[in-house]
Amino acid sequence: MRKQASLYAPRNWPIWFTFGLLRLCILLPYPAIMSLGRSIGRLIKKMVGRRTKIARINLDLCFPELSNPERSRLLLGHFESLGMGLMEFGLTWWGSDKQIFSRLKVTGREHIAAALSQDKGIILMTGHFTSIELAGRIIHQYIPIHPVYRPHENPVVQHFIAGGRERIVGVGGGIPREDVRSIIRCLRNKQTVWLATDQNYGHKGRVFSRFFGVPAATNSSITRLAKMTGAVVLPAVVLRQKDHLGHELLIESPLTPYPTGDLQQDVQAINDVIESWTRKAPEQYNWIHRRFKTRPKGEKRFYDGL
């Protein structure tokens, strides 16, 4: 009862109102939804100065070959992409199949069959791109998944996220990232776990692996899970098409041999795949995250004061 009451506490009314507006917005024509998302993204950029500075630092580190005006345009494109990603939350949870799948391009579908033919568990590896919520709904149409997630701190936001995901993958289909036993159980039962490990949480078990040439503290759990369970590692990502009027599900061939026994090499292979996707659509990667927060001993810190 206490949890239920906290959902409807007055402090959460603006969040309920925002989600109500989001649900109404997806009734618009698709081009209008995306156009509205870009406008919202530009507004967000003006409101979140700290995150804007973090994104700019990341872009400066990862794209030194670009001029300052080019990185500024990329920064603006990123916030427009974040705004469209916000609209895609609504499409994911309440949109029709026609809205989503009539505009979808699928590349590499044969790699799903190749992974399934091995009769093992599958780690469906992805990255934190701005279409990640919609990616879950799209990917689940081609291979049933158990998403691994980090619960949101706000109870209303978590209520909507959990409800939306349950409508897609079923009740109990998602796995909190701390529940390692359930992840291992799924993989040993030859099921598919959907996992993104490209964020810096300074956790035990990190490996410093290069991302755009910059050492980044990288979660090694995909490598460790593959070693423990014999699971196939299948990279897949959903990217927004250039005209913003549809998406592409890009499925790569399974990583092989994997793991190799060299942890540094195996973790680098994950970062290399995510970097290759990011270069295809650089504005769509999650640049507002402090990806390079944890530094190797003695190296310069990038986000001091942020």
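Predicted model: local features only at pLDDT ≥ 70, side-chain atom pairs only at ≥ 80, totals over all residues.

Reply: Residues are numbered from 1 along each chain as its sequence is written, and side-chain values use heavy atoms, with hydrogens and water left out.

Me: At what angle do α2 and α5 pack?

Reply: Axes are lines fitted to C-alpha atoms, for helices over the stretch in contact, and angles run from 0 to 180 degrees between N-to-C directions. Here α2 (residues 13-25) and α5 (residues 68-94) pack at about 75°, with axes 9 Å apart, which makes α2 roughly perpendicular to α5 (65 to 115 degrees). Contact (heavy atoms within 4.5 Å) involves Phe19, Leu22, Arg23 and Cys25 of α2, and residues of α5 including Trp93 and Trp94.

Me: Is α8 mostly covered or uncovered?

Reply: Buried means under 20% relative accessible area, with a 1.4 Å probe and protein chains only. In α8 (residues 132-140), eight of the nine residues are buried, among them Glu133, Arg137 and His140.

Me: Which residues lie nearest the centre of the second largest pocket?

Reply: A pocket is an open set of points on a 1 Å grid, with protein on both sides within 12 Å along at least five of seven lines, and lining residues have an atom within 4 Å of a point. Twelve residues line this one, and Tyr149, Ala162, Arg165, Glu166 and Gly174 lie nearest its centre; α9 gives the most to the lining, with six residues.

Conventions. Helix = DSSP H or I, 4+ residues; strand = E, 2+ residues; numbered from the N terminus. Parallel < 35°, antiparallel > 145°, perpendicular 65-115°, else oblique. 1 Å grid on protein atoms, 1.4 Å probe; cavity = no way out; pocket = protein on both sides within 12 Å on 5 of 7 lines; lining within 4 Å. Buried < 20%, exposed > 50% of the residue type's maximum accessible area, 1.4 Å probe, protein only.
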